[in-house]
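Open the model in your viewer and keep the selection panel at hand.

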Amino acid sequence: MRKPYVILIGSASGIGKSTIASQLAKELNIKHLIESDFIRAVVRGIIGKEYAPALHSSSYDAYKNLRNKANYQSYEELVSAGFDEHASYVIPGLEKIIQRAITDFDDIIIEGVHLIPGLIDIEQFKDYAEIYFFVLSSDEESHKERFVKRAIQIHRGGKQLDFFTENRIIHNHLLHQAEKYNVSIIKTETIEKSMEQILTIINKSSTNIKLTNSVEELKDVVDIIINENNGSIEKIVYSLKGFKEPLVREVKISDYESANRFIDNIEKNPNVKQDLDNLYNISKYRELTICASNSETLEKIEKKLTDKGFVYNG
């Protein structure tokens, strides 16, 4: 019997976490979906404003209640510190909810701005639950459009719209923490793409494919796996001529922007490109471990790579 799912979805306001969490709950048939804002409301009823002024502020202006404002080197640091202070009162309640869900063997999804990598302690639950932590990201223009729309929908168009800059700082702070603590970052271009990326990580449908593409064709490989099918590359094994042991690289590439930066770096640096070309020349093939949201998508990826002539047939 599998362990219960605990799925955490964090982001700044206006990124789309509520929509994605709701869609994911339907997809996985998970009945327990909790917003961290509800826990904040409960904690506010217990801890008075005089004891925790940051808690009784919004996440984006909690910095105004910090006592040591002069200690921060920049406005970004100040806003991020206030946000962390605000969330720190909510997180113990979230951890208690996770513990109760595990005790009752219930799957649960928690979404909210208060889910900060490094502050919420998920290590304590890893032996008892399947923990998945996602932080959602968006480019600034799309974020602002959704932020304005959401503020109007919940009738907070005045005050909240004045704090988009602070919410953008929170967005960047969450991404920094996610990278620091190896939490999956999901770019929210569309709901469909975001869902595919998340399900790829949760479902872990995977296969190993041997490829013989050239360095120049690497971009096509990445396009097929990641951009067209929202898959991920987890590992690359190089079978080297003249060596008994293969060269193994754990890569975990799941978003197109990161993969594209890697390819751009190769194309812009002749020495890096030559080194990779040399590695390709002494390897009979590269065996990639590829993950996707389901087996049908994996078959689609393999067929496209085969049609392109990239698959090793030796």
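**Tour of the predicted model**

Start with the charges. This is a predicted model. The protein chain carries 41 positive and 47 negative side chains. The centres of the two sets lie 2 Å apart.

Now show the whole chain as a cartoon. The C-alpha atoms fill a box of roughly 70 × 45 × 35 Å along the principal axes. Of the 314 residues, 46% are buried.

Next, select residues 75-88. This is helix 3, with 14 residues. From first C-alpha to last, helix 3 reaches 20 Å, close to the 20 Å expected at 1.5 Å a residue. Show its side chains. The buried ones include Leu78, Val79, Phe83 and His86.

Turn to the rings. The count comes to 6 aromatic pairs. Select Tyr63 and Tyr75. Their ring centres are 5.5 Å apart and their planes stand at 85°, over the 60° cut-off, so the pair is edge-to-face. Tyr63 sits in the loop between helix 2 and helix 3, and Tyr75 in helix 3, so the pair ties together parts 12 residues apart in sequence. Tyr63 is buried, at 10% relative accessible area; Tyr75 is partly exposed, at 34%.

Last stop: Tyr285 and Tyr312. This aromatic pair is tilted, with 4.7 Å between centres and 35° between planes. Tyr285 belongs to strand 9 (residues 283-292), and Tyr312 to the segment after helix 11 (295-307), 27 residues apart. Which of the two is buried, and which partly exposed? Tyr285 is buried, at 13% relative accessibility. Tyr312 is partly exposed, at 27%.

Terms used:
Residues are numbered from 1 along each chain as its sequence is written. This is a predicted model: local features need pLDDT of at least 70, side-chain atom pairs count only at pLDDT 80 or more; totals for chains, interfaces and linings use all residues. Side-chain values use heavy atoms; hydrogens and water are left out. Buried means under 20% relative accessible area, exposed over 50%, partly exposed in between (1.4 Å probe, protein chains only). Lys and Arg count as positive and Asp and Glu as negative; His and the chain ends are not counted. The place of a charge is taken as NZ of Lys, CZ of Arg, CG of Asp or CD of Glu. Helices (H or I, at least four residues) and strands (E, at least two) are DSSP runs, numbered from the N terminus. The expected span of a helix is 1.5 Å times one less than its number of residues. Rings of Phe, Tyr and Trp (its six-membered ring) pair if their centres lie within 6.5 Å; planes under 30 degrees apart count as stacked, over 60 as edge-to-face and the rest as tilted.
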